[in-house]
Amino acid sequence: MIAETAQPLAPVAESTPARSVKVAIQPLFSTWIYQCDNGAVELNQELERLAQKLMADPANATRRTNTGGWHYAFDLFELKAPVVERFHNLMEQHVQGFLNHFRPEARKKRDKFRLRGWINVNRADDSNTLHCHPGCFLSATYYVKMPAEMKGGEIYFRDPRGPAVAMYETPGIELPWVGSGIGIPVTPATGKLLLFPSWLEHRVEPFEGAGERISIAFNASNP
């Protein structure tokens, strides 16, 4: 969107009258995030049971970006389970829909890509450190189950404009295009699906409350 306005300019000298010029303000380099509030709600109970079954075996746990919590050690989509196949098929449709959103009707198509996924289970005070997902083009988080009275637990997306970080504390000047430097939070909810560019850095905040925050993350890459 380009906003056009008449901008008054101060006189160059006392004898020169003020004048107006036509200017345009245009935002550039927007970052697109795909959100669906009911990505795979019909599978949530089966996915939760699968997570609990996998957590029962200590060999299935590893540590990646998680501080506390539980992280599945292998590729979820390699499991031979009907619920995994159904979830995989649904997520493929969402990824394809996101890609085709940016194409004119005549260029919409079926792309070839590979999904690789894992499960995260966080409890109170668990978190995930700031990271991105190299080697792929889209990443995603699907929220299988959120605690009923969770406080916190947001996913934060960090401003990707790296050089802007040095401008967060420009003395005495407000820069509305820079932001606060803390990132943009998205509140998780049971059934919500997020897709975002894999280069976009993000982290998960700890939360207060009883229960488990169960999510499935995955990457889309070339096959």
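Two strands count as paired if DSSP finds at least two bridges between them, and in this predicted model strands E6 and E7 pair in the antiparallel sense over two bridges. Within that pairing, tryptophan 70 stands opposite valine 121 in E7. On E7 there is also a pairing with E16, again in the antiparallel sense, which runs over nine bridges; here arginine 116 has asparagine 219 in E16 as its bridge partner. Strand E7 is mostly covered, with seven of its nine residues buried.

From strand E6 (70-72) the chain can be followed into the loop that lies between this strand and helix H2 (82-101), where aspartate 75 is found. Aspartate 75 has a relative accessible area of 8%, and because the limit for a buried residue is under 20%, aspartate 75 counts as buried.

A search of the whole structure finds 10 aromatic pairs. One of them joins tyrosine 34 and phenylalanine 98, whose ring centres are 5.3 Å apart and whose planes stand at 55°, so that the pair is classed as tilted. Because tyrosine 34 belongs to strand E3 (residues 34-36) and phenylalanine 98 to helix H2, this pair ties together parts that are 64 residues apart in sequence. Phenylalanine 98 is itself buried, with a relative accessible area of 7%.

Another pair is formed by phenylalanine 77 and phenylalanine 218, with ring centres 6.1 Å apart and planes at 65°, and the pair is therefore edge-to-face. Phenylalanine 77 sits in the loop between E6 and H2, while phenylalanine 218 sits in strand E16 (residues 213-221), so the parts tied together by this pair are 141 residues apart in sequence. Both phenylalanine 77 and phenylalanine 218 are buried. Returning to tyrosine 34 and phenylalanine 98, ring pairs link these residues with Trp32 and Phe102 into a cluster. A ring may also face a charged group, as with tyrosine 156, where arginine 203 lies over the face of the ring at 4.4 Å from its centre.

Phenylalanine 29, although not a glycine, has a positive phi of about 60°, and its place is in the loop between strand E2 (19-25) and E3. Is phenylalanine 29 buried or exposed? Its relative accessible area is 78%, and since exposed means over 50%, phenylalanine 29 is exposed. Aspartate 125 likewise has a positive phi, near 75°, in a residue other than glycine; its place is in the loop between strand E7 (114-122) and strand E8 (127-131). At 61% relative accessibility, aspartate 125 counts as exposed, whereas aspartate 75 is buried.

Conventions. Residues numbered from 1 in each chain as written. Predicted model: local features only at pLDDT ≥ 70, side-chain atom pairs only at ≥ 80, totals over all residues. Heavy atoms only, no water. Helix = DSSP H or I, 4+ residues; strand = E, 2+ residues; numbered from the N terminus. Buried < 20%, exposed > 50% of the residue type's maximum accessible area, 1.4 Å probe, protein only. Phe/Tyr/Trp six-rings, centres within 6.5 Å; stacked < 30°, edge-to-face > 60°. Lys NZ or Arg CZ within 6 Å of the ring centre and 35° of its normal.
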